[in-house]
Every structure is written in C-alpha cells, then in structure tokens.
Amino acid sequence: MNSKLAIIITAAGSSTRIGGGIKKEYLPFKNGTVLSVCAETFLNACADFQITDFIVTCPMGGMEQCRKILSNVDYHVPRFLSLSKGAITVVEGSDTRQKSVYNGLLAVKGQPDIVLIHDGARPFVSREVIVEALEAAVEFGASVPGVTPTDTQKEIDAEGFIKRHLVRSSLTAVQTPQCFRFKELLEAHGRAAADGHEYTDDTEIWGAYCGPVRVTKGDVNNIKITYPSDLEALK
C-alpha cells in the first residue's frame, strides 16, 4: 500500500482514576515510559508507510513536560525513514477527548490519506492489531479493533433494572487505534463540534456523519491503563 499516514496519540487526560499523582502515560515502562513505548510501537508497525505527521495531545499547559517524556523515543527502527528525531509534534488537548482529538486533527500539516488515533495509555498494542486496522481503513474508510465481551451483557434502565438482554456474539468492546480517511474525519469532527452533542469516540462521529465502521480483530492484551490494578501489567 502507498497510503500516507498521520498518527495521533491522545494523552491529554488527567489520569484521576489511576491515582499516585503521575499521569499514567508518563509512568515508567520497559526502557522508557508508557507514552514513549506507544510511540515506538507505531513507528515500527507503520515503517513501510510514509508518515506525514506524528502528533501527541497533552494536557493544557503541559507541552514541555510531554516533550521531555517523548525525548527518549527511539527513531532508529527498521526501514523507518519518514520522520527524523524530534519530529513528533506535541499539541495541547482540551477538557474532553473529542475536543482533544479535534485539536490533533487540526494540527496535521501533511496531506495524509489515513489517520490513526490511539490512546496513549494502551502501550500493549501489537503490530498485528495496528496493521489489520490500518488495512481495513484503506479498504473501507474507517475501522476499529474490537473483542467480543466475555461476560453476558445487559442493558439497564435509569433505575438499575435490566431493560434488554443483549446477544454477546453480536457485541464488541472497541479498542484503539481507530483508523479513518483523514479528510472525511476532519470534516466530520468540524460538524460534530458545532452540533451540541458530546461523542464518546471517533467511531461515533464517523457513524453520525460518514457511514459504517469496519471492526477488525482486537487483542485482549491491548488494555487501557485506567485503574491502579492495571499497573501490574507494566511490571
């Protein structure tokens, strides 16, 4: 494939649920941090493509700290020639994920065909998950990795009673990277920013303004570090 890519890693959250006073993306992991390992994984996985932009969103007022965290990213990955050292762009996020991603999209300066959006707190994502989602986005316009829930799922009402019994085999728990045709997603985000609705993720925005999203094979190990119990996975 000759597709040009933009990569956006979101790390603008406050990490309040993890506790400990340090952002989960900045926690030590392997030879760097959760965030730097994420970045290196994408550099390796997308080495056969031309990366036009690599953007990381950070908390408001936290650009220098984020740049410091990313300073140890290893750019010497196999066949990786698209970016040079220091080419990751850090932009301020906002008070919601939706707004933060939109800030990242607006910061894209190249002309990518596809944009990959990944949670900076998912450092265990594999090359296989990334590439399969990327290839599906090239073919179908939008994709997201997902896994079938292991627990039986129920829909409940406002009072906490079961409202509907859902069929587990027809459900998926979505992960990241979520991948889209760039121009269409940018336009959709612009429309979503003005419609007064808060969207939970980018697949919902795509679904509202562009069309269906292809679900690719996810990985149960591709967890998002959210709670203190998740820190054991970093050891």
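**Entry 1: cysteines**

I looked for disulfides (a pair of cysteine sulfur atoms within 2.5 Å) and the count came to 0. Cys-58 is in no disulfide, and its nearest cysteine sulfur, that of Cys-66, is 4.9 Å away. That 4.9 Å is too far for a bond. I also checked burial, where buried means under 20% relative accessible area and exposed over 50%, with partly exposed in between (1.4 Å probe, protein chains only). Cys-58 counts as buried because its relative accessibility is 0%, and Cys-66 is buried at 0% too.

**A note to myself on the model**

This is a predicted model, so local features need pLDDT of at least 70 and side-chain atom pairs count only at pLDDT 80 or more, while totals for chains, interfaces and linings use all residues. Residues are numbered from 1 along each chain as its sequence is written, and side-chain values use heavy atoms, leaving out hydrogens and water.

**Entry 2: helix α5**

Helix α5 spans residues 182-193, which makes 12 residues. From first C-alpha to last it reaches 16 Å, close to the 16 Å expected at 1.5 Å a residue, where the expected span is 1.5 Å times one less than the number of residues.

Which residues of α5 are buried? I found Phe-182, Leu-185, Ala-188, His-189 and Ala-192. They lie on the same side of α5, because they cover an arc of only 130° around the axis, taken from the directions from the helix axis to the C-beta atoms. The face turned away from that buried side carries exposed Lys-183 and Glu-187.

**Entry 3: the cover**

I then asked what covers the buried residues of α5. Contact means heavy atoms within 4.5 Å, and the cover includes α3 (97-106), β6 (114-119), β11 (178-181) and α6 (202-209).

Conventions. Helix = DSSP H or I, 4+ residues; strand = E, 2+ residues; numbered from the N terminus.
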